[in-house]
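Below are some notes for a colleague who is meeting this structure for the first time. They are set out as numbered points, to be read with the sequence and the structure at hand.

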Amino acid sequence: MMAADQTVAGVPPSLSARVVGSFAYLTIRDRLPTILTKVIDTIHRNKNKFFEEYGEEGIQAEKQTISLLSKLRNELQTDKPVLVLTDGLPDTEFWNQYLHRQQRLQGDQESVSWFKSPWLYVECYMYRRIQEALLLNPPISDFDVFNEGKTQSFFESQQAVMALCTYLEGVNKNMEELSKNQLFEHFSRLLQVSLWGNKCDLSISAGQENSQKTSPLDSLSALQPFILVDDSNVVWSTLTAAQRSGQPGGTAADRVDIVLDNAGFELVTDLIFADFLVSSGLARQIHFHGKLFPWFVSDVTANDFQWTIRQTMAANHKWMSKSGVQWQTYVKQGVWRYHDHPFWTQPHEFCDMAADAPDLYAALQGADLVLFKGDLNYRKLTGDRDWDHTAAFKTALRGFGPAPLCSLRTLKANVQVGLQPGQGEKLTSQDPNWMTSGQYAVIQSYNPKSE
Ligand SMILES: O=P(O)(O)OC[C@H]1O[C@](O)(CO)[C@@H](O)[C@@H]1O
Ligand SMILES: [Mn+2]
């Protein structure tokens, strides 16, 4: 038997650790316990800080949190049933209902558990349980267990960030003189920089340092053959069509939404691309979507977003600090807006968004283009299912399409759709790990308006 929820008619099963030896199986067996061990270690290393801030209460909270997380690791490693949440947050009830939903899909024969249920669900649940362990221990509830890795990734990629900001300055300075073709060239380069920025997440490496040391602009042409689907032209047409319809003196929003993935270097590449979109007039407003709490090791929270802009402003490099000041101005003027919504830290496939988070779906409908960064967003777009590689992206989206959208993703999980016949087989024969190594990428779009 392949997966837990074979009852969903007409769609392939969810990826699951039930398939021994699969990437999902190896992630749950090896990577997630390693991440939990690092989280425990981080909390322990901060014991003195907790004592200084909260006295004896801080020490107790540290002990309690570690004990809850050790219990969680044990539940995972021994494939225990998934438990209900008890922290009484606004989303607690939702998570508990989702557990019942999984149980219904799986049938009454066996419990929803780490190795038997959909990988996407249990992996998201682990991060929510880490959050619960902290929330049940109030003095340290706000402690971001992944903060160190995220700030380290930012500092270690300083050279690359400086090179990108210098490039951006050059583009912005000459913006008026650029021909349409030249503008497209810069657009395409910065889109690819943001794409490859997704290589630098800390979840795939179980928290191991994974930053960008050299200028990514120098590597773009060498990386081009690794982009398996490249819809850059479609994205460009979507933007320029939206721009045309908004002129002259038009009222169209020309809004691009970016569903962010990782902090550190990747976030900077997203901010640079967003800066270019605004300064070139391709977009008038950018809405960023981040996470409500620390998620999948390196994902952006509101705090990471603000911190990154402040650090960029404070850099001892002319063009980098100029970029930071510009970004702060965009935020102050409302040209850039940061949003978080509980849906992004829930385990849904995005095809459920319209029903389960209608307010968010409606908000995304206001965008001319929605960019989804990273691997986890791709898994959620496609439902993290065992699709045939030649299945159309539209089919895998299963009705999700609030606005024209594009996934910018380096491949780190074994789901990939929209390939040419034979392309997947050829890749497998060349490199059996092509779907999980982060070496390959897609710029894959879907436009519900052109249906
Ligand atoms: O930051 P990203 O690109 O969403 O990647 C998150 C990673 O976490 C995983 O879910 C594995 O833990 C992979 O699918 C993916 O590599
Ligand atoms: Mn991530």
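1. Axes here are lines fitted to C-alpha atoms, for helices over the stretch in contact, and angles run from 0 to 180 degrees between N-to-C directions. Helices (H or I, at least four residues) and strands (E, at least two) are DSSP runs, numbered from the N terminus. This is a predicted model, in which local features need pLDDT of at least 70 and side-chain atom pairs count only at pLDDT 80 or more, while totals for chains, interfaces and linings use all residues. Residues are numbered from 1 along each chain as its sequence is written, and chains are lettered from A and ligands numbered from 1 in the order in which they are written.

2. On confidence, the model scores ipTM 0.97 and pTM 0.95. The mean pLDDT of the protein chain (pLDDT being the predictor's confidence in each residue, from 0 to 100) is 93, and 92% of the residues reach 70 or more. Residues 1-7 fall below 50 in pLDDT, and this stretch has 22 contacts beyond near neighbours in sequence, a contact being two residues whose C-beta atoms, placed from the backbone, lie within 7 Å. Residues 249-253 are also below 50, with eight contacts beyond near neighbours in sequence.

3. Helix α12 (residues 302-314) packs against helix α13 (residues 318-333) at an angle of about 140°, and their axes are 6 Å apart. That angle makes α12 oblique to α13, since angles under 35 degrees count as roughly parallel, over 145 as roughly antiparallel, 65 to 115 as roughly perpendicular and the rest as oblique. From α12 the contact draws on Ile309, Thr312, Met313 and Ala314, and from α13 on a set of residues including Met320, Val325, Trp327 and Val331. By class, this contact of α12 with α13 has seven nonpolar, five polar and no charged residues, where Ala, Val, Leu, Ile, Met, Phe, Trp, Tyr, Cys and Pro count as nonpolar, Asp, Glu, Lys and Arg as charged, and the others, Gly among them, as polar.

4. The residues in contact include His186, Leu190 and Ser194 of α8, together with Phe265, Glu266 and Phe273 of α11. The contact of α8 with α11 divides into seven nonpolar, four polar and two charged residues.

5. Helix α16 (residues 374-381) has eight of its eight residues buried, so it is largely enclosed by the rest of the structure; a residue is buried if 20 or more other C-beta atoms lie within 10 Å of its own, exposed if 12 or fewer, and partly exposed in between, with C-beta atoms placed from the backbone. Among the buried residues are Asp375, Arg379 and Lys380. The cover over them includes α5 (119-135), β2 (255-259), β5 (369-373), α17 (393-397) and β6 (405-410). Just after α16, Gly383 takes a positive phi of about 75°.

6. Two exposed residues may also be looked at. Thr86 lies in the loop between α3 (56-77) and α4 (92-106) and is exposed, with 10 other C-beta atoms within 10 Å. Asn74, which is placed in helix α3, is exposed with 12 other C-beta atoms within 10 Å, and from C-alpha to C-alpha Asn74 and Glu185 are 51 Å apart in space and 111 residues apart in sequence.
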